[in-house]
Amino acid sequence: SAPVVVGALILLIIGSAQPERRKRPEVRVFLLFVAATIGYTAANFMEMISKTEAETLLWSQLLYVFIAFIPMVWIDFCLRFTRDGQGLGAAAKAFLLMIPLATLAIVFIPGLQPLMWSRIDYFSQGGFVVSRRSHGPWFAVYAAYTYACFVAGTAIVVRRFPRQRSVYRKQAIAVLAGLIIPLAASLTYVLKLVPGLVKDFTPFGYAAAAGVFYAALFRMDLFSLVPIGRAAVVERLGIGVLVLDREWRLA
């Protein structure tokens with residue numbers, strides 16, 4: 001549980017950094033991702049230290065309050081990276097919210113919970129109650145939705161991947177790394193790639209992704225100049241140009 005606490009503290013530090021940039025829409029999306037990851041990590045920690053079956057189940061349910069909406073944030077973030085800060089539209093958000101809202105209803109309504117967890121076994125370990133779950137049919141739907149959002153976000157970034165060897169290529173690589181790390185952690189748990197692994201360590205993947213995105217946003221100035229804009233304008237002009245970013249700095 002110690003790494004979970006350390007991860008949450010790091011996320012809090014990241015979320016409180018660069019207050020002067022919080023008005024920018026892409027930074028607000030990033031902070032939303034950080035807040036969801038903090039909640040996910042905190043619920044994960046509380047689940048780990050639960051001493052009764054009821055507590056373990058409660059924190060397992062609350063965990064989905066945060067994690068269910070992260071895939072939609074992924075898509076929004078990737079779109080803003082490739083579309084000059086423009087994210088999801090209202091219709092797209094309403095469509096992408098359907099699966100998370102249905103997941104929350106299934107997780108919290110007792111009669112529907114077997115759709116998510118067909119069986120939950122509890123056992124004692126070190127004075128704490130640990131659960132082992134068998135997934136129901138809705139988990140496959142939720143997992144497909146999550147992985148589809150990951151793949152879509154990756155495709156969006158790759159499709160606009162800057163061809164030139166510059167800081168913008170490094171930005172795109174940072175975004176791709178932020179997408180791949182939690183995906184790899186989740187697949188390791190879901191596909192049982194590590195024998196005997198009971199605990200889902202996906203929160204560590206999301207925490208690592210937050211660190212990568214922080215570096216891209218505030219160390220590489222991720223949204224100062226959109227790569228597709230540079231390719232379309234700078235490289236097709238036969239004259240010299242000076243380009244300024246949103247903060248009127250010479251980019």
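Which residues line the second largest cavity? Phe33, Ile70, Val73, Trp74, Phe77 and Phe213 do. The model is predicted, so local features need pLDDT of at least 70 and side-chain atom pairs count only at pLDDT 80 or more, while totals for chains, interfaces and linings use all residues. Residues are numbered from 1 along each chain as its sequence is written, and side-chain values use heavy atoms, without hydrogens and water.

**Cavities**
- There are two cavities of 30 Å³ or more, a cavity being a set of points on a 1 Å grid over the protein atoms alone where a 1.4 Å probe fits but cannot get out.
- The second largest cavity has a volume of about 30 Å³, volume being the space filled by probe spheres set on the points.
- Helix H4 (residues 70-82) gives the most to this lining, with four residues; helices are DSSP runs (H or I, at least four residues) numbered from the N terminus.
- The lining of the second largest cavity comprises six nonpolar residues, no polar and no charged.

**Helix packing**
- H2 and H3 pack at an angle of about 170 degrees, with their axes 8 Å apart; axes are lines fitted to C-alpha atoms over the stretch in contact, and angles run from 0 to 180 degrees between N-to-C directions.
- H2 and H3 are therefore roughly antiparallel to each other, the term for angles over 145 degrees.
- The residues of this contact (heavy atoms within 4.5 Å) divide into nine nonpolar, four polar and one charged.
- Among them, Ala36, Gly39 and Tyr40 belong to H2, and Thr56, Trp59 and Ser60 to H3.

Notes
On a 1 Å grid over the protein atoms alone, a cavity is a set of points where a 1.4 Å probe fits but cannot get out, and a pocket is an open set with protein on both sides within 12 Å along at least five of seven lines; lining residues have an atom within 4 Å of a point. Helices (H or I, at least four residues) and strands (E, at least two) are DSSP runs, numbered from the N terminus. Ala, Val, Leu, Ile, Met, Phe, Trp, Tyr, Cys and Pro count as nonpolar, Asp, Glu, Lys and Arg as charged, and the others, Gly among them, as polar. Angles under 35 degrees count as roughly parallel, over 145 as roughly antiparallel, 65 to 115 as roughly perpendicular and the rest as oblique.
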